[in-house]
Amino acid sequence: MHRLKKIGFIIIGIVIALPVLILAVGYFAVIRPANPQLSGEIRAEELSAPVTVYRDADGIPHIVAENAHDLFFAQGFVHAQDRLWAMESARRAAHGTLSEVIGDKGLDNDKFMRILGMTQAAEADWNSLDADAQASVQAYTDGVNAYLAQAGTKLPLEFKILGIDPQPWQPVDSLVFAKLLSWGLSSNYKDELVVSQLAEATAWENILNLLPDYPGPNVIPDANRTARLSDTAASLLAMSARWEAENPLARPDQGSNAWVVGGSRTASGAPMLANDPHQGLSMPSLWYEIGLHTTDGTYDVVGGSLPGLPGVEIGHTARIAWGVTNARPDVQDIFIETLNDAGTQYKFQGEWRDLTIREEKILVKKGEPVTLRVRSTHHGPLISDALPDSDRPLALRWTGLDQPRPLAQAILTLNRAQNWDEFRMAVKLWQLPGMNFVYADVDGNIGYQMSGAVPIRANNDRFGVLPVSGEDGAHEWTGYIPFDELPSALNSQADFFASANNRPVDADYPYFLSRYFQPPYRVALISEHLRNGQNLTPEDFGALHANWHSDVNRQVAAAIAAEATPNTDAEQAAQQALSAWDGTMSPDSTAAAISEVALWQILRQVLTPQLGADATEAYLTLAGYPYMFLQNLLDNPDDPWWGGDRAGKLTAALADSISELSAATDTPDSAKWQWGNLHAMTFAHPLGSVKPLAPIFNRGPYPTGGNWNTVDSGAYYPESKYAMALGPAYRIINDLSDWDNSRSIIPTGQSGQPFTSHYDDQIERWLAVKYHPLPFSMGAIEKAAVHTLKLVP
């Protein structure tokens, strides 16, 4: 009996230990060999001289090479070491080959990317680059492929799970990745589709109220500008939601902050510059920090790079620093085309023209190949062909497709810039996406420059939010705003510049830029702090990065506190919480949660009677407009949209907010309604959507603060039910008095491999708005190094 009991214990022990043993064997046999080599020596015959890669405690590499070729070769190698799967998935998404890996779930994305012709546009971009830029992209490509050869079968876990091997990297892969990022920073075509739905639900005068422009008057367009598009618009919007779920880089960004102050406002007497682009947050992070240094003096730059592209997109050289925000120019138009019965020609100004037609073959994992006919007019591809049964041919014109855009050359030229004039020469090449740049240099200058190819439309149409006729020729693009006439300034009298996706020009600016600017809440708060700032330090900039104040939420709270009539104890408690609240969207605040939910409920109370529920919900998906419309409502108690009963609508919105919060938190206890309980951030990996893989790849959820209108952004998509999805994808503070005193942080970690120490080691600091040092001098780089890798020919 004793022996049987002993055998039983042994069996139980084996059963318990077996999963651990399997995991251990899996780690040492599969995962650990894929982790990159960070120290020692690796041979690379493509190099002309040895290259040194110093990595600090956060895994940030500084590459020191003798020349540009070896530098970018090493950057490609290092990017691939840490982010190979992210690079692979991004190029597949952009080329439209996701279906080869994930099956028919990728078809909507692949159809749309093929219809846009992203690969063809990237090939045209390649031909537009000068010889130096082509050489650098090719060197980067060779570096990626050198890592693939060195890794062999020791690939990241994602490749093993999906059973695929990466094909050699090509220069066009870098450029199509850049094109995809540009799309996500440019895609206002969906707003035109939404507005076309609104146009069928209400009068034009009401649409003008719903789409307030600032500053300057609205212009009422001809009510016959567009045909009925409700079915086609709704279908395209539904399709975009599906394919963007598989290709999150294509989702429109939320915005960004960038500001710079001159020496008269700093404790050091030298300029300081801060930036935090707001983009989709995921595992791994979009951004990857790196230093690029050549001993021949050509390159000496550090900051945020994008794995897949050579160079540094945000950062500083030895003499200048820069940051960027999305300028949000209107660079897309939808044209309603007229086709012949055969679907092979389109009508333009009374003449029939042949459509450009090509076929695309999409390979589908575990499925039959799909043949796609792609048709285009001179305006652009017929995006409606992505739908199976559309009867409205819609062509999309986008500056990313109509001619080559040398973005890679712009980035590399910027990385070599030494002064304001050289900086502007680089930014002139940055034609896509359109950006706001803030600038500082070690000579004490600060500046602002807008970039981008911004179309000039026939008649300088200032409305620009609806699909237009492609047949009559009245809405053609006639050129682009000359670069020297884009908004620009050097050394402002106030000694600061601030950009937060706001309108950068006054109403008398002679060209139409856009109607897609973000509300002015963030830029107003930033500007107030800078205008009142003296003896500013990097710590002061960090505090501004961390600011969670939302002025529009404060106004919502004040209106409900003053005018709503609570009918239950819960409503009364909520009203009292709002009356004492200062507008800080902290994760532990109940008032913050009530105000955010109430904001949307007020809009529904006001809009639904006139628009109907479907059009109201479509309108609420627009970026920026609902907040500015709400601001007008809050400013004017007698606004006709209140229907003569502002207090009644505020009371109803309060009641609906209590119901929504009770349902969302599964409790009527308002103590459980903290904003962080609704508004949590999960850093999700594509494979983390498979439940057994989620603990390996995903991190979170983490309760977070902020919202769309706070400097420390906590933005979310309408369908996410307040769960945070977008925010500061990179924070950097540049101190021009001492580059080694600069600091930065990314949301997750440098590595894309979940079993490495740098996969998630920056999350807690990012949540707390803390930073790590960003060394620049060779002494500081060598002192901070914990790993040193030699690449030798």
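**Exercise 1. Determine whether Trp 420 and Tyr 439 are buried or exposed, and describe how their rings are arranged.**

Solution. Step 1: Trp 420 and Tyr 439 are both buried, where buried means under 20% relative accessible area, exposed over 50% and partly exposed in between, with a 1.4 Å probe and protein chains only. The structure is a predicted model, in which local features need pLDDT of at least 70 and side-chain atom pairs count only at pLDDT 80 or more, while totals for chains, interfaces and linings use all residues. Residues are numbered from 1 along each chain as its sequence is written, and side-chain values use heavy atoms, with hydrogens and water left out.

Step 2: The model holds 27 aromatic pairs. Rings of Phe, Tyr and Trp (its six-membered ring) pair if their centres lie within 6.5 Å; planes under 30 degrees apart count as stacked, over 60 as edge-to-face and the rest as tilted. Trp 420 and Tyr 439 form an edge-to-face pair, with 5.1 Å from centre to centre and 70° between the planes.

Step 3: Trp 420 belongs to helix 14 (residues 420–429) and Tyr 439 to strand 16 (residues 435–441), so that the pair links distant parts of the chain, 19 residues apart. Helices (H or I, at least four residues) and strands (E, at least two) are DSSP runs, numbered from the N terminus.

**Exercise 2. State which parts of the chain the pair of Trp 739 and Phe 776 ties together.**

Solution. Step 1: The rings of Trp 739 and Phe 776 are edge-to-face, 6.3 Å centre to centre and with 65° between the planes.

Step 2: Trp 739 lies in the loop between strand 26 (731–735) and strand 27 (743–745), and Phe 776 in the loop between strand 28 (772–773) and helix 26 (778–784), so the pair joins parts that are 37 residues apart in sequence.

Step 3: Trp 739 and Phe 776 are buried.

**Exercise 3. Identify the residues that touch the most other members of the largest nonpolar core.**

Solution. Step 1: A nonpolar core is a set of buried Ala, Val, Leu, Ile, Met, Phe, Trp, Tyr and Cys residues joined through side-chain atoms within 4.5 Å.

Step 2: The largest such core has 227 residues, and those touching the most other members are Trp 183, Phe 423 and Tyr 619.

Step 3: Contact means heavy atoms within 4.5 Å. With neighbours within four places in sequence left aside, the contacts of Phe 423 include Ile 320, Trp 322, Phe 437 and Tyr 439.

Step 4: A second, separate core has eight residues, among them Leu 339 and Tyr 346.

**Exercise 4. Describe how helix 19 (residues 590–611) crosses helix 21 (residues 625–635).**

Solution. Step 1: Axes are lines fitted to C-alpha atoms, for helices over the stretch in contact, and angles run from 0 to 180 degrees between N-to-C directions. The axes of helix 19 and helix 21 come within 11 Å and cross at roughly 75°.

Step 2: Helix 19 is therefore roughly perpendicular to helix 21. Angles under 35 degrees count as roughly parallel, over 145 as roughly antiparallel, 65 to 115 as roughly perpendicular and the rest as oblique.

Step 3: Among the residues making the contact are Leu 599 and Trp 600 of helix 19 and Tyr 627 and Phe 629 of helix 21.

Step 4: The contact of helix 19 with helix 21 has 11 nonpolar, no polar and no charged residues. Here Ala, Val, Leu, Ile, Met, Phe, Trp, Tyr, Cys and Pro count as nonpolar, Asp, Glu, Lys and Arg as charged, and the others, Gly among them, as polar.

**Exercise 5. Locate Lys 366 and Asn 501, and state whether each is buried or exposed.**

Solution. Step 1: Lys 366, a residue other than glycine, has a positive phi near 60°. Lys 366 is in the loop between strand 13 (356–362) and strand 14 (370–376), and its relative accessibility of 85% makes it exposed.

Step 2: Asn 501 is not a glycine either, yet has a positive phi of about 65°. Asn 501 is in the loop between strand 22 (496–499) and helix 15 (521–531), and is buried, with a relative accessible area of 0%.
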